[in-house]
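Hello,

Here is the structure for you to look over. My notes on it follow below.

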Amino acid sequence: MMSQTGDLTEAKEPGISVAWRSGEDVSPPAQPSMSVVKSIQLMLPKDAVYQAGSCVKGQVVLTLHSTLVDPIVKVELVGRGYVEWSEETGATLDYSRDVICNNKADYVHKSKMFPVKDNWLSAGSHTFDFHFNLPPRLPSTFTSKIGHVFYYVQASCMGREHILAKKRMYLRVQGTSDFPRENKVQSPLFVETEKKVTYNCCRQGTICLQIQMENNIFMPGGRVHFTTEIDNQTGKCIKSIIFALYCHVLYEGFTPKTERRSRVESSVLLRQEANTQIVPFNTTKIVSVFNLPPLLSVSSNMLEGEIMSTQYELVSIVHLPWSLTSVKAKIPIIITSSPVDSDNCQMQEEADSVSQE
C-alpha cells in the first residue's frame with residue numbers, strides 16, 4: 001500500500017517529545033583515535049510539513065571534546081526521487097525473464113559552508129544557524145513499494161580531509177500544482193449509476209446510486225463533503241455502503257535498453273463503511289465527510305521528465321451479497337496546492353551566498 005505521508009523506511013526516526021529533534025546518525029566509522037567531535041546535532045521543528053517555496057530554518061549544534069583546527073562545517077538540503085519495478089518479458093516466446101525498470105530525478109541540492117573565525121574551534125558547543133529556500137515547484141514526499149520522493153537536511157563536520165561526524169534529518173514536503181484554482185467548478189457535481197440486479201433466482205429489480213458534491217477540488221488537510229443517495233427498487237434489504245478515496249499513481253521508467261515503460265498502482269487512501277438498513281422500494285440519503293491528510297501528492301498528469309503522476313477518485317460501493325454483484329459510482333477528486341511566497345528567505349539566501357564568495 002502506498003503512503004502519502006510517511007517517511008522512507010530508512011528515514012524513520014524515534015519519537016522525540018521535545019520541540020526539536022536531532023535527526024538520524026549517519027556518522028562514519030570511528031577513527032583510530034578518539035574523534036575530537038563529541039556530537040553533531042540538527043535542530044528543526046518537530047513534525048513540520050514544509051510547503052514547496054517555503055523556507056527551511058534550523059541550527060547545527062557541534063560539540064567538541066577538544067580544539068579542532070581547520071574545520072569544515074557544512075549543511076546540505078537534498079531532494080530526490082526514484083522508481084523501480086520488475087516486469088516479465090518474452091511471455092509469448094518459449095522463455096520469460098524479469099526486466100528491471102527504473103527512473104530517477106533530482107529536485108534540489110543546496111549546500112552552505114559555515115565561516116569559522118581564525119580557522120579553529122575550541123572545545124565545547126558551537127551553534128550555526130541556517131536557512132534554505134525550497135524551490136516553488138516540487139513533488140510531495142511520497143513512498144510506496146515502487147516509488148519514493150524524499151527530502152533531507154544533512155550536517156557534517158570535516159577536519160584534515162576526514163569526515164568526523166554527520167547527521168541527517170528527513171523532511172516532509174508538500175508539493176505544488178499548476179492546476180488553475182480560478183477554474184473551480186461552481187455548480188454541484190453529480191454522478192449516477194443504475195444497475196438491474198437479479199435476486200431470488202428469477203426476480204429482478206433496479207439499484208440507483210448517486211453521488212453529489214459542491215466541488216471536487218481540495219487542498220491537503222481539507223474536508224471532502226459528499227452526499228450519497230441509494231434508491232433500492234428491489235425486494236431485498238441493503239445493509240451497508242462503502243465509501244473510499246482511491247489514489248492512482250502512474251510510474252514511468254526505462255529498461256536497461258532505455259525502452260520506456262509505465263505502470264499504474266492503486267491504493268485506498270481513506271475508507272468508511274456505513275451500516276444501514278435500506279428497506280425494499282425505498283430511497284436513503286447519506287452525508288459523509290473525509291478528512292484529508294495534511295501531506296498529499298497533488299493531482300497531476302505525466303509531463304516530460306517526471307517519474308510519476310497522481311490521480312484521485314471518490315468511489316461509493318453498494319455490495320449485494322444476495323445478488324453476487326455490486327453497484328459503484330465514481331467521481332474524480334483533484335488535490336491542489338500553491339507554492340508559498342518566500343521572498344524574504346530567498347533574499348537572505350542570496351545575501352549569504354554573496355558573503356561567502
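**Glutamine 204**

Glutamine 204 belongs to strand 15 (residues 203-213). Strands here are DSSP runs of E, at least two residues long, and are numbered from the N terminus. This is a predicted model: local features need pLDDT of at least 70, side-chain atom pairs count only at pLDDT 80 or more, and totals for chains, interfaces and linings use all residues. Residues are numbered from 1 along each chain as its sequence is written, and side-chain values use heavy atoms, with hydrogens and water left out.

Glutamine 204 has a relative accessible area of 57%, so it counts as exposed. The cut-offs: buried is under 20% relative accessible area, exposed is over 50%, and partly exposed is in between (1.4 Å probe, protein chains only). Leaving aside residues up to four places away in sequence, glutamine 204 touches Val197, Thr198 and Tyr199. Contact means heavy atoms within 4.5 Å. Glutamine 233 is 29 residues away along the chain, and its C-alpha atom is 9.2 Å from that of glutamine 204.

**Aromatic rings**

How many aromatic pairs does a search of the whole structure find? It finds ten. Rings of Phe, Tyr and Trp (its six-membered ring) pair if their centres lie within 6.5 Å; planes under 30 degrees apart are stacked, over 60 edge-to-face, and the rest tilted.

One of the pairs is phenylalanine 150 with tyrosine 170, tilted, at 6.3 Å centre to centre and 55° between the planes. Phenylalanine 150 is in strand 12 (residues 147-159) and tyrosine 170 in strand 13 (residues 162-174), so the pair ties together parts 20 residues apart in sequence. Phenylalanine 150 is buried at 11% relative accessibility. Tyrosine 170 is buried too, at 10%.

Phenylalanine 226 and phenylalanine 243 make an edge-to-face pair: 5.6 Å centre to centre, 70° between the planes.

Over the ring of tyrosine 152 sits the charged end of arginine 168, 4.1 Å from the ring centre. The test is NZ of Lys or CZ of Arg within 6 Å of the ring centre and within 35 degrees of the ring normal.

**Cysteines**

The structure holds zero disulfides, where a disulfide is a pair of cysteine sulfur atoms within 2.5 Å. Cysteine 202 is exposed at 68% relative accessible area. Cysteine 237 is partly exposed at 23%.

Best wishes

Definitions and conventions: Helix = DSSP H or I, 4+ residues; strand = E, 2+ residues; numbered from the N terminus.
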